[in-house]
Amino acid sequence: MNPSLKLTLLILIALEVSFIQVWSVNVALIVVSLLLMLFNHVSWRRLLWLTLVPLFFASALVWSLMLRGDASTHFLIVIFTRMFVYVYMGGWFTLTTKPLWLTRSLEQNAKLPSKFAYGFLAAFNLMPKIQAEVATVRAAALMRGEVLHVWSPRLYFKVILAAMNWSDQLAAAMTSHGFVEGAPRTHALTVPLLARDWWIFGISLLLVQVGLFVGLP
Amino acid sequence: MATVTIQSLTYTYPKQSRPVLDHLSGTFPTGKFSLLTGVSGGGKSTLLKLIAGLLPNPDDTTVTFDGQPLNAITPTDRAKTVVMLFQEPSTQFTMDTVENELRFALENQQVPAGEIADRSDAALAFIGITDLKFRKLMQLSGGEQQKVALAIIVAMNSDVILLDEPFASIDPPTRLVLLEKLVALCNERGKTIVLADHDLSGYQQWVDHLAVLADGHLTLLSVDETRARFAAFTPQRLQLTHVQLPSDQLTVCLQGTALGLAHSNRQLIAPQSLSFYAHKTTLITGPNGSGKSTLFRALVRLGHYQGHIAYRDTDIKKIRKRRYARQVGLMFQAAAAQFLNVTVAEELALSQKYGNSTYFTPERVHALLDQLNLAGRDEQVLYSLSSGQQKKIQLLCMLIMAPEVLLLDEPLKGLDYASIQAVMAILKTVQHDLDLTLILISHQLSGLDALVDLHLQLEDHQLTYQEVRA
C-alpha cells in the first residue's frame, strides 16, 4: 500500500479510536494488525516485545483504575485494548514501511516540502550516531569521576550540542550535493499511488465506521 | 571548465576583530590541480567554503567562475559549477546507501529519472568502487567513504572540485587511488581542482601549482616556483635519539593477547600480542587511518576488539567500568568530546574535585594556566575558545585527573610552536613527578625526543617496538 495513504489511514483510525469507546472494534483492529504483521514476516521476538511492553502498562493502568475510582468494566476493557491497538498498529506501520520509501512518498504523493521529507529521513539516519555519542559522553564523564545516568541533564546538554553541530554539517552536506530548498527535483524512483490503494483506504475506513456505529451502546 | 577568480576578499569570523582573510586575491586556473597550503587555522577551510558558497560571500563579486559571480549563479546550478569534499568523511551524506546518495545528488540536479542509474554506475566505475553500490554508507571505512564522495562529485559533473584536507584520516593506498583519480579528472575532463592541506609531503608528483595562504593573503606560485618550493621542502622527520626496545625489567601495565582490531570488515591490526609498560612514555606512530585511534578506543572500552586486553593482569571487561575509567583515561582527539561543562573554571573545578588535588593545588593549576598562556579566561565559554586553547584546557583537565595510564590522541594538534614547547615541558614534569604512564599518538613529530622512552610503530597491520635507527 502507498506509504502516505497508509500513514493517513493509521492516524485517522487512531484518532477515532481515541474518542469512541467500542471494545469490539479495538479487538478487531488488534487482530487485523497482528495478522498483517504475521503476513509480513515480522519476527516472533519483535511480536513478543510488542505484546509484553503494552501488557505491562495496560495492566498497570487498569489495575490502578480498579483500585481507585469507579470506572465501569466496559471502560476498563476499552482502555486495556486501546493500548494494544496503538502499539500493534504502530508496529505494523513501522515494521512494514521503509523510511526512505515513506520519505519519497511524502514528497511525491503528499507534496510535503522536500526539506521536511529529507529532514525527517536525516534524523532517522542519525540514530546510530546519537547512540555512539551518548556512549562517548558517558565514557568521558567516567574518566573525570562523574557518573552520567540516563536522566542526567548534562548528558543531554552534550548530546544536544553535538546534534546542533551535526545539523550544520548535514545542511552543508545537502547543499554540497546540490540540494536547494524549494527547488524542483526529479525522482529516480516513482512511488505509485494506485486506485487499489484508494480502495483499500476507503473500505478500511468505512469498515471501522460501520463497526463503531454498530458497536455503540 | 571554469577559472576561479577571487578579488579582494575579506572575511572576519563573527565576534572576532581581526579578519582571517584580508583583501585576498588570486586565481585558480582551469583544468589545473592546485594545492592550497598554509598553517593550520590559517583560513584554508574558510576560503574553500567561501568559494563553494557554503559561507555567505561578503560582497557580490569577490568570487567569480569564468567571470560569473557566485551569487549570480542560481542555487540549482551551483552544484554543477562547484562542489566540495569535506575533511571528515562521514559527515557528507544524507542517505543510507551509496546508491541512494547518488540518486539524491542527481535528483537535486534534476537529471531525468531515466539517466540517473547510468550516470551513477559510470561514476562508480570511474572511481573503481562498483562493488560498494549497495553498501550502507555508515558501515564503510573512512577511505571508502571518501571514494564514494568523489564518485558523487564525478556523477554530478561539477566544473570546480574543492577538497578540504581530504586525506586526514585516510590510509596511504586509498590516498594514492584518490590522487590518481583527481589527476585524471583534471587532465581528461578539464576539471579545476583545489586541494587544501597543511602538509606538503606526498604531493610533488601530482599537483600543477602551489597556492600559499599566509597572513590572510594568497600567493599562487608558478610551475617553476612550485618545483623550487617542493625541492626545498623536507618532510618533518621523527628524531628519537634515546628510545630503546622494552627490557625485561619493565612492568607491564596493559597486555593485549591475540589482540586484533577491525573496522567494518577491514582488518586494521592483525591479532597479536601487545604490551604497554608502566611509568614510561610510549609514542605510537603509523599512517593515517591505520587504526591508532581505534586502538585507543578499544583500550578504554569504547570500541570492539578481538582477543583480550588485561590491565594489571585482570581482563578489562571484568573490571567495573567506573573503576577502570579512573585508571586508564583517554584524551580524545576532538577536544570538545572531553568537556562536560560550559566555562573554563567549571571544567577545571570538576577535574580538581575528583582528580589528584594534593599535587594539583590551586596554586599549581594557576601556574600551569599561566605557562599555557590561558590565565584570566576562567569565565570564558569553552566552546568559544580557539581550537588550540581548547586542546590545552583539555590536556590540563586530563592531567589533573592523573589516571595511572593516560592515553593522548594527538595532544599537539593545532598548537603553535610556543604552546607545543609549554605542553611538552608540562607533560615531562607531571609524568616524572607522578610517575604516570603516558601513551601518545602524534603526527606532530618535532620536540617529542625529550619525552618519549618507547616507540611503537604500526605498519602492515602490526605494532612493533622500535629502537634508535642509525
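1. Helices (H or I, at least four residues) and strands (E, at least two) are DSSP runs, numbered from the N terminus. Asp435(B) lies in the loop between two such elements of chain B, α13 (417-434) and β18 (437-441). Asp435(B) has a positive phi of about 55 degrees although it is not a glycine.

2. The model is predicted: local features need pLDDT of at least 70, side-chain atom pairs count only at pLDDT 80 or more, and totals for chains, interfaces and linings use all residues. Residues are numbered from 1 along each chain as its sequence is written, while chains are lettered from A and ligands numbered from 1 in the order in which they are written.

3. Burial is counted from C-beta atoms placed from the backbone: a residue is buried if 20 or more other C-beta atoms lie within 10 Å of its own, exposed if 12 or fewer, and partly exposed in between. Asp435(B), with 12 C-beta neighbours inside 10 Å, therefore counts as exposed. Asp313(B) is also not a glycine, yet has a positive phi, of about 70 degrees. Asp313(B) is found in the loop between β14 and β15 of chain B, and is exposed because it has 8 other C-beta atoms within 10 Å.

4. Chain A has eight helices and zero strands. Along the sequence the pattern is α-α-α-α-α-α-α-α. The radius of gyration of chain A (taken over C-alpha atoms) is 22 Å, well over the 17 Å that the globule rule (2.2 Å times the number of residues to the power 0.38) gives for 217 residues, so chain A is more spread out than a compact globule. Its C-alpha trace spans about 60 × 55 × 30 Å along the principal axes.

5. In chain A, 27% of the 217 residues count as buried. Two residues are in contact if their C-beta atoms, placed from the backbone, lie within 7 Å. Of the contacts in chain A with a separation of 6 or more, 76% come from residues 24 or more positions apart.

6. Chain B holds an open sheet of four strands, in the order β12-β11-β14-β15, with antiparallel pairing. Two strands pair if DSSP finds at least two bridges between them. The edge strands, each pairing on one side only, are β12 (266-277) and β15 (314-315) of chain B.

7. Which strands does β11 (residues 252-263) of chain B join through bridges? Five bridges link β11 to the antiparallel β14 (residues 306-311) of chain B, and eight bridges pair β11(B) with β12(B), also in the antiparallel sense. Thr257(B) has His308(B) as its bridge partner in β14(B), and Gly256(B) has Leu274(B) in β12(B). β11(B) and β12(B) form a hairpin with two residues between them, and Ser264(B) in the turn has a positive phi of about 40 degrees.

8. A nonpolar core is a set of buried Ala, Val, Leu, Ile, Met, Phe, Trp, Tyr and Cys residues joined through C-beta atoms within 7 Å. The largest such core has 71 residues, and those touching the most other members are Ile51(B), Ala151(B), Ile152(B), Ile153(B), Ala155(B) and Leu162(B). Helix α5 (residues 142-156) of chain B gives the most to this core, with nine residues. Apart from this core lies another, of 70 residues, including Ala298(B), Tyr324(B), Leu368(B) and Leu406(B). Leaving out residues up to four places away in sequence, Ala151(B) touches Ala123(B), Leu124(B), Ile127(B) and Ile129(B).
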